[in-house]
Amino acid sequence: MLDNAAMPVRRQPYERIQGDDFQILDSGDHGKLECYSYKYSCCKTFLFYIFTFLLLGIPFLISHWCKQWKIYAQCRRCNLSEADVMLIKSSNGQYSVSRVFHGDATAGDPVCYFSYHLVRYIWKPEIQFFQKLHGIQGEDGEAKKLVELLEESRGHTAEEQEILLRLYGENIIDVEVKSYGRLFLEEIFHPFYLFQIGSVTLWALDEYFYYAGCVIFISSLSLIVSLLETRRQSMMLREMVASSHVATVAVCRRNGGCEEIPVSMLVPGDMIAIPENGCSMPCDALLLTGNCIVNESMLTGESVPVTKTPPSHSEEPYDPENHKRHTLFCGTQVIQTRYYGSDKVLAVVTRTGFATAKGELVKSILFPQPLAFKMYEDSIKFILVLFCIAAIGMAYCIRLFLARGAETEVIVLRTLDIITIVVPPALPAAMTVGTVYSQSRLRQQGIFCISPPRINVCGKIKCVCFDKTGTLTEEGLSLWGVLEVKSGSFSYPFLAQKKDSPGSDLDPFSPLTVALAACHSLTQVNGELTGDPLDLRMFEATGWELEEVARDTARFDLLVPTVVRPRKQIFKSGPIDPALGESIRYEVGILKHFPFSSGAQRMSVITRTLGDRNMHLFCKGAPERILSICLPDTVPSNFSDVLMDYTSWGYRVISLAYKPFGNKFSWHHAQKAKRDQIEKDLIFLGFLIMQNTLKPESTSVIRELKAAAIRCVMVTGDNVLTAISVSRECGIIGQGESVLLLKGIPPDNLNSAQLKYEYVHPPNAQQEQSRDRSDPPSTILNMSADDRPVHLAVEGSTWSFIQNHFPNLLSEIVLRATVLARMAPDQKAQLVVSLQKLDYIVAMCGDGANDCGALKAAHIGISLSEAEASVAAPFTSKVPNVTCVPAVVREGRCALVTSFAVFKYMALYSMVQFISVLLLYSHKTNLGNTQFLYIDLVVTTSLAVSMGRTGPVEEQLVKARPTATLASAATIIPVLLQTTLAACFQYGAILFLSTQKWFMPVMPTDHEEIVMCWENTVVFCVSSFQYLILAAVFSKGKPHRKPLYTNTWLLVSIMFLTFSTLLLTLFPLEPIASFFELEKFSGEIQEMYFRFYLLGLPILNLLLAVFVERCIAERPWMKKVIHFVSRKKKPKNKYKNMNQKNFAWLNGIQC
């Protein structure tokens, strides 16, 4: 028996730390924030500006890049209550500065707050700490209960509203659009542009005007495009946010009456009246009276309107996510309202501004989670290494030129030249080439990316989590049949299967038929029946019709907003209320809705049949939840077996139940009834069986991903057996592979919490069916000995149970869990985070708003919805199926290989030129400006840009993923070997030149630098070939990219540059030689032989370079040698160190 040895400690949202100048806040999505309080010091600020002036602005630049240093330089630590600014350190180590505002008094206490990522944190004098300001909340800062909101919401007076407005701020979601001037200043102070400015200045002083001009032109063009794109995106976001703004809203005052006020003045607690003809919601609000039909496509991506109703009187704390069926969200469109008599549809404001659902969405765009990727981290380290190499080269140059007695100006120019050679200014821009081309190719496939750096991360995806409905399966459901219960047992044949004559096989007076016709949230919009697709299919199968009678109450003694009845006129049988006459048409009025709740996993309605005195409750929902609220003697004994049969085949099964009320249960009782008090002691009616077909593309995509060693996980809100069946059908769970369903047993007075498992039989699998479900754990342990994987299936309730009682097993379960069902939206995000903790690069593919949390949490979020909420995901696919997943992986691998190749090429280009320059410096010469221009612009730039155009392979994905580690020995050793080859062949060329009898070394005067000489010509020609060689050997094709010859631009560039370099090497005629400052072709036979023999060096260099890349770099034997030398015994990734087939941790768990 496995019990909970270690109960997790409940994390407090605000941890009090010793010391009055430091506090830790929990910001939610951004983790913990370390907050340090500071007060401005006039003396320190004065000294800071003096040093900034004396040091030519360098302290200002440092403080611009590192915010904390500016605070350290200008402020002093102080108590939290006295702070002028807060220095905030996020969970990822980034610093930011927030100003502390001290405002007017509220109820005798000063309003003191600071903002971080558009969220306010207010000072609470009673606890001497800052506290996050939520929406509507109690005096203790906790969420109010539903019953409090329903009974105590009376609105605010104008004076109370004004006070709260200073506390909460205006109800505005405004995206700042920065001016071009401000954007220019922010961009120009980036280290990349400052380095380019310094490089261009140095080149201008060295009369290297052509390349300096080209760099200025290219950088200016890049800067202009960046500014235009940044401002365009800001304006688009602002227009998207402002498109739903309304000018005024009617608020009801506590002291009576209503008045129109600007929406910007709304505060939590205000009571607003929803117009009869609808409106665009300016805030989040809880519905108090009446019903609303709302289009939430902005949030969910589903155009089907939903009906919002007031909540029941419950002690449950109000939560917008858990009570979304009662909440009107900011930015959604209220189509129309339904109300009783002359009453208004009222709602209480719960959240305003950036605290609303729409505000949270905008914040997720403005402040995305930082991307930590190994390649990007290593590239920074690699650049720092290049700076260290440049420092060594600079020291060598200084010693060399000082020994010659060179002028100071020459020493400074030649020394600083080394930096621009070793660290090429175009390196950051060149690395983005592959990403830009991949983004363009994805766009052509209907896949849009708003975060290009994540394309490279796609190349390392190791796990993909899929939603089920609408992602792997079709969005719509079709009704397969209804299985009725009569006299406590299932009655065959199935009902509601006649498609040509709906409802012809249903008894219109049976409770089952009324449940199918009335237990839904359908409504009419512009004369068309709309609502949840499941409800729509269920209602259509009855052959009934729906009428929203609104104020027409002549046939009822109470108000009935919706009536359902058979299309064919049928008169009610049985006793009839004498006040209505002798015969009336058979109709059922729906009096009260209890909307579907993800927590309760059911919905219900209270109805009354016209002519009857008593009412009925009809309920439908998840079978296991309906079972728990039904009378045991009404439930068939084979309930679980029948349910398992149909869910195992992939059908979606919904349970139906009802309950008659007594005559004393009136309309007023129905409106005031609490859900948990009436949804009990129900009579079980039967199963509603729906069919959800698999999309035709799903199976092939899953097969391709699994063949590429990419783990596939299904995470859904559907039934666990249905999810397992769909997983088997699409290939996530292979044929013959075993599935264990984990379940938790809560603790009681005698026993502690326990965890058990049961074997899930595949349908029609006789061998598995014969296995006894009570097999001991050793059976499972023996199963893990063969090659067939064992999958775990976990339900949302079990997931929470494990988190609370067995947190130490969570990683073991996450490693093996393949199907996670009945998962709430926040649990989906928790699963993604748990996978990331095991070092998986996780992708999430979903189509609904309930996937948004997981889409944001994943490294790669792929949304199949075009709703505004989908912008939370880096990728959005217009093609509504999962074929976008291998497409993104394929492009990611291609982009990663390209970025890696371009980075290595640019690094080797700088090292080759560094070697050339040092070699020529030692021979008292240098490369000419035209030669630099030819190498830097014509050769290197054209090749680096062309390398990125190579597309991904169109074949199936392979298991091997491209490397993303620049700082590994497997990457550094080949780079060092290529650098050594370049140095050897350049030095060998000089040695070969020195053996020629006709060669005369250059002999410059003390203050003269001669460029046109044989040393220069030889080094220039050999190094020019080396740039071409490196571009060719780094342009790898399969397994992730197409071969080099498919890249027309690169192939033509290499061929053209090879021809031009051959011409410069073998036959540099007078005009060309003079222009390039090379030794011209004299026609002498010895010189001609020398030029042709010299060509042998690049050819040999090419052969050796190909050998290094094909036989050494990234080869398995190379990695084995490195692991042996470094004594590496286990992988770095946690999930690889965990034995996936080891189920020893199941010992002691009940079966």
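The largest cavity of this predicted model has a volume of about 60 Å³, and a search of the whole structure finds 6 cavities of 30 Å³ or more. A cavity here is a set of points, on a 1 Å grid over the protein atoms alone, where a 1.4 Å probe fits but cannot get out, and its lining residues have an atom within 4 Å of a point; the volume is the space filled by probe spheres set on the points, which are joined across faces, edges and corners. Because the model is predicted, local features need pLDDT of at least 70 and side-chain atom pairs count only at pLDDT 80 or more, while totals for chains, interfaces and linings use all residues. Residues are numbered from 1 along each chain as its sequence is written, and side-chain values use heavy atoms, with hydrogens and water left out.

The lining of the largest cavity consists of Val912, Gln978, Ala982, Gln1026, Ile1029, Leu1030, Asn1101 and Ala1105. At least two of its residues come from each of α32 (969-994), α33 (1014-1034) and α37 (1096-1112), with α33 giving the largest share, 3 residues. Helices (H or I, at least four residues) and strands (E, at least two) are DSSP runs, numbered from the N terminus.

The largest nonpolar core has 75 residues, and those with the most contacts inside it are Ile418, Tyr905, Leu943 and Phe1020. Such a core is a set of buried Ala, Val, Leu, Ile, Met, Phe, Trp, Tyr and Cys residues joined through side-chain atoms within 4.5 Å, where buried means under 20% relative accessible area with a 1.4 Å probe and protein chains only. Helix α30 (residues 884-922) supplies the largest share of this core, 18 residues. Another core, of 48 residues, lies apart from it and includes Leu694, Ile862, Phe875 and Val889.

Turning to the strands, 6 of the 6 residues of β8 (residues 119-124) are buried, so this strand is largely enclosed by the rest of the structure. Val119, Tyr121 and Trp123 cover one side, and Arg120, Ile122 and Lys124 the other. β8 runs antiparallel to β9 (residues 129-132), to which 4 bridges join it; two strands pair if DSSP finds at least two bridges between them. Lysine 124 has phenylalanine 129 of β9 as its bridge partner, and in the hairpin, with 4 residues between the strands, glutamine 128 takes a positive phi near 60 degrees.

Definitions and conventions. Buried means under 20% relative accessible area, exposed over 50%, partly exposed in between (1.4 Å probe, protein chains only). On a 1 Å grid over the protein atoms alone, a cavity is a set of points where a 1.4 Å probe fits but cannot get out, and a pocket is an open set with protein on both sides within 12 Å along at least five of seven lines; lining residues have an atom within 4 Å of a point.
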